[in-house]
Amino acid sequence: MMKKLSFWITILILVSCSTAQMSVDPSVKGTTGQKAMVVSADPLASEVGSSIMNKGGNAWDAAIGVQFALAVVFPVAGNIGGGGFAVFRESSGEVGSLDFREKAPKRADRDMYLDDQGNIDGRKSLEGHLAAGVPGSVDGMVQLYDKYGSLPWSDLVQPAVELAREGFILTEEGAANLNRGTKLIREVNKYEVHLLKEVEWKAGDKLVQEDLARTLERIRDDGRDGFYSGETAKLIVDEMQSGGGIISYDDLESYQSVWREPLIGNYRGKRIISMPPPSSGGVALIQLLEGVEAFPISRFGHNSWKSVHVMTEVEKRVYADRATYLGDPDFYEVPVDMLLNEDYIRNRMADIKLNRVTPASDIKKGNVEIVESVQTTHFSVVDPDGNAVSITTTLNSYFGCKVLVKGAGFFLNNEMDDFSVKAGVPNQFGLVGAEANEIVPEKRMLSSMTPTIVDDQDGLFMVVGTPGGSTIITSVFQTILNVIDHGMNMQQAVNARRVHNQWLPDRILSEDHALNESVKKKLIRLGHTFEERGNIGRVDAILVLPNGDLEGGADPRGDDAAIGF
Ligand code: DON
């Protein structure tokens, strides 16, 4: 009897695993380079990074060049008016991270987006001057440069100056992005904005940005002062005054990026190096990986019902922790050690069963809706010496708060919406928060950005990250599983269709064709619900191949490009 039963169980497992595998195209392979690689959201920006390294620059030099170039050629998310996080690994194995996240202005207060009844007041945390946090990107680049840069600073900013002054040809995606932003940008800015046209932008048009070129020249010539004081600071403060914003000279002058110890986790013999708070990315990614480590993910198969079920169950618990415990560690005691404690993670995941869905309400209560289309950008760099830099940077929503600083030519972020504007009320990503992430002057808003590096005893293994708001963490998670557990190369891992759960709302978000019908049916029978989404994430990553070459994985969901040599 027992023998018969175990026979049928084995058959069942085999059938469920085999129907589950979505085929991975064996011919897919990313661009390779023997020495160096840059992968970013735009070929022109990747080219800037690659040519900086060709001239002898290191990974930090290249990353700085890419950050400024993206501010020109990918203005929907690339920025000088936003912020981000850098995680890096020196060829020696030393690791570090820099937090250049925006901060709440000094005149911000907890209830600044609530009306007299205590309800959220329109879209003030999302659009217009009040939505902007104090930008951190320029200070971030300057700090990275001062500690690690090798070429002259001006050589790193000049390519962006030229792209802005001489212009560049818009791709279809670039034109569509500008057209998508037109209505709101026009509403928010009360002057004539050169980025907008009477007729729509189309692929092949040239975009010249004179004001931005001048701002970049000031940064090129004066470094930090070219942005946080002098002419640029005046233009920002004038803009604030004309539109009811609260960023002051004092806010700009006192902005400082922060060097932070990266978080280190372990997953199947590899070291996961990622961003600590105020990003939730590192904590959540390590919890996710260590949370699934007890399950035979590789045997379950990529996007099989078992893999998706287990990932979903782990994700619910991790995102519930995120909502409760995470915020800016400079203002709120974030229990990172507890959250990453092995026993804690084991206990937290102990009630996950293959035959049972845990409703989100059993994990913790809350009410969540909507996810808006948004923008951030990630780039990964490895230099000829083997140094690696992983940077995710953002304006938050596409074109941030839509304010294009008059005379300065750059967009300001709307990062204030990443605070928990009202406890328990979801933000644009459907994420909820509480005291840990409430608004306090000069505090940093919680992020999901997850720039990550993976290494092992042989050295550097992978550099990875993505945009995608709350889906950032799970996209990085799946990319790592795709390589380590499912044996994919970098490009296959990036291309593979993604799924996502964030505890609330209690459903699996799934890219088109991520799951085959039988897998989906099985998950629905188990009690999961689904929502389809065109694209999840836009991963740009680099894998060190067994022969030491570098494989770039540029996400085909956008114009992304890997350039190596
Ligand atoms: O820091 C965060 O988590 C968000 N501001 C990121 C926004 C984002 O990724 C939008 N992207 N597509």
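## Domain layout

The model is predicted.

## Buried area

Domain 1 and domain 2 together bury about 2000 Å² at their interface, and carbon and sulfur atoms account for 66% of that area. On the domain 1 side, Phe85, Arg89 and Thr392 contribute 29% of the area buried against domain 2, more than any other three residues.

In terms of contacts, 29 residues of domain 1 touch 26 residues of domain 2.

## Polar and charged pairs

Seven residue pairs are in polar contact between domain 1 and domain 2, counting pairs with both residues at pLDDT 80 or more. Two salt bridges are found across the interface of domain 1 and domain 2. Elsewhere in the list of charged pairs, the side chains of Glu173 and Arg538 form a salt bridge with an N to O distance of 2.6 Å.

## The domain 1 side

Five elements are named here as giving two or more residues to the side of domain 1 that touches domain 2: strand E3 (83-89), strand E4 (95-100), helix H6 (172-188), strand E10 (376-382) and strand E11 (388-394). Strand E11 gives the most, with seven residues.

By residue class, the side of domain 1 that touches domain 2 consists of 13 nonpolar, eleven polar and five charged residues.

Definitions and conventions: Residues numbered from 1 in each chain as written. Predicted model: local features only at pLDDT ≥ 70, side-chain atom pairs only at ≥ 80, totals over all residues. Heavy atoms only, no water. Contact = heavy atoms within 4.5 Å. Buried area = accessible area lost by both parts, 1.4 Å probe. Salt bridge = Lys/Arg side-chain N within 4 Å of Asp/Glu carboxyl O. Polar contact = N/O pair within 3.5 Å; in protein donor to acceptor, adjacent residues only side chain to side chain. Helix = DSSP H or I, 4+ residues; strand = E, 2+ residues; numbered from the N terminus. Nonpolar A, V, L, I, M, F, W, Y, C, P; charged D, E, K, R; others polar.
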